Amino acid sequence: MNDSYLYIIIALLPLTAGLLITQVNPYHALVMRGVLGAIAAMVDAILGAADVALTEALMGTMLSITLYAIAVRSSLVLRLGVLEDQLIDKNQDSIFSQIVQEFRSVFNKHYMRLELVPYPNSQTLKQALISKEVHATCTPFLTTNQPQTSYQTEIRVQRIYNIMESELSSPNTSLAYINVLESGEKHL
């Protein structure tokens with residue numbers, strides 16, 4: 001019997017594994033993990049290990065992909081704390097809308113989504129940053145030499161601060177890194 005098809009299918013395993021580890025987009029990596037599991041299950045089935053093939057198909061592919069998808073989806077969210085009156089649907093502040101759009105475009109490049117979390121006042125907003133409910137805050141402040149409102153963005157995650165510092169070009173917001181210690185204290 002000619003087993004050349006088996007060698008081709010088995011050769012797909014390291015090829016797929018190589019493609020999996022080179023993925024930048026986590027969603028593409030999930031798809032590649034599913035393909036890798038399906039190929040492994042097929043190889044096991046062809047070699048006569050039906051029980052191993054079934055286990056790989058159910059546990060190694062379906063369950064792990066589902067759990068990874070949930071983990072990836074929940075970990076790629078940046079929670080930005082804002083004041084309630086800043087929300088775009090309540091406020092017509094074009095500067096704030098522009099800042100939010102630029103934030104979204106920066107984070108889209110890194111496969112993250114931006115979630116605006118409203119707080120009633122500045123003190124609860126600061127407390128949310130310190131208690132790690134949000135990753136960053138964006139608050140307005142008026143300066144004496146500018147007639148329009150500008151914004152202060154405080155970020156507590158070093159990696160997010162580095163991304164924003166290198167990619168954000170908006171002159172309407174200034175960035176500040178806030179080191180929040182494990183104890184919940186703020187260290188500038």
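Biologist: What does Leu80 touch, leaving out residues up to four places away in sequence?
Modeller: In this predicted model, Leu80 touches Phe103, Leu114, Glu115, Leu116, Val117, Ala136, Thr137 and Cys138.

Biologist: Which residues touch the most other members of the largest nonpolar core?
Modeller: Leu80 is one of them, along with Phe103, Phe107, Leu114, Ile160 and Met164. That core has 24 residues.

Biologist: And which elements give two or more residues to this core?
Modeller: The strands are β1 (77-83), β2 (113-119), β3 (136-141) and β4 (150-155), and the helices are α4 (94-108) and α6 (158-167). The largest share comes from α4, with seven residues.

Biologist: Why would nonpolar side chains be buried together?
Modeller: In soluble globular proteins they tend to be.

Biologist: Which residues does the second core include?
Modeller: That core is separate and has nine residues, among them Leu83, Val117, Tyr119 and Val180.

Biologist: Which of its residues are buried?
Modeller: In α4 they are Ile95, Phe96, Ile99, Val100, Glu102, Phe103, Val106 and Phe107. They lie on the same side of α4, because they cover an arc of only 160 degrees around the axis.

Biologist: Which residues are exposed on the other side of α4?
Modeller: Ser94 and Gln101 are exposed there.

Biologist: What do the buried residues of α4 pack against?
Modeller: They pack against α6 and against β1, β2, β3, β4 and β5 (173-177).

Biologist: New topic, the sheet. What is the order of the strands?
Modeller: The order is β2-β1-β3-β4-β5, five strands in an open sheet with mixed pairing.

Biologist: Which strands stand at the edges?
Modeller: Those are β2 and β5. Each has a single partner strand, so one side of each has no neighbour in the sheet.

Biologist: What does the twist average from one strand to the next?
Modeller: The average is 25 degrees.

Biologist: Do β3 and β4 pair in the parallel or antiparallel sense, and over how many bridges?
Modeller: Their pairing is antiparallel, over six bridges.

Biologist: What stands opposite Thr139 in β4?
Modeller: That is Gln152.

Biologist: Last one. Which strands does α4 touch where it packs on the sheet?
Modeller: α4 touches β1, β2, β3, β4 and β5. The direction of α4 makes about 140 degrees with that of β2.

Conventions. Residues numbered from 1 in each chain as written. Predicted model: local features only at pLDDT ≥ 70, side-chain atom pairs only at ≥ 80, totals over all residues. Heavy atoms only, no water. Core = buried A, V, L, I, M, F, W, Y, C linked by side-chain atoms within 4.5 Å. Buried < 20%, exposed > 50% of the residue type's maximum accessible area, 1.4 Å probe, protein only. Helix = DSSP H or I, 4+ residues; strand = E, 2+ residues; numbered from the N terminus. Contact = heavy atoms within 4.5 Å. Arc of directions from axis to C-beta. Pairing = 2+ DSSP bridges. Axes fitted to C-alpha atoms, helices over the stretch in contact; angles between N-to-C directions.
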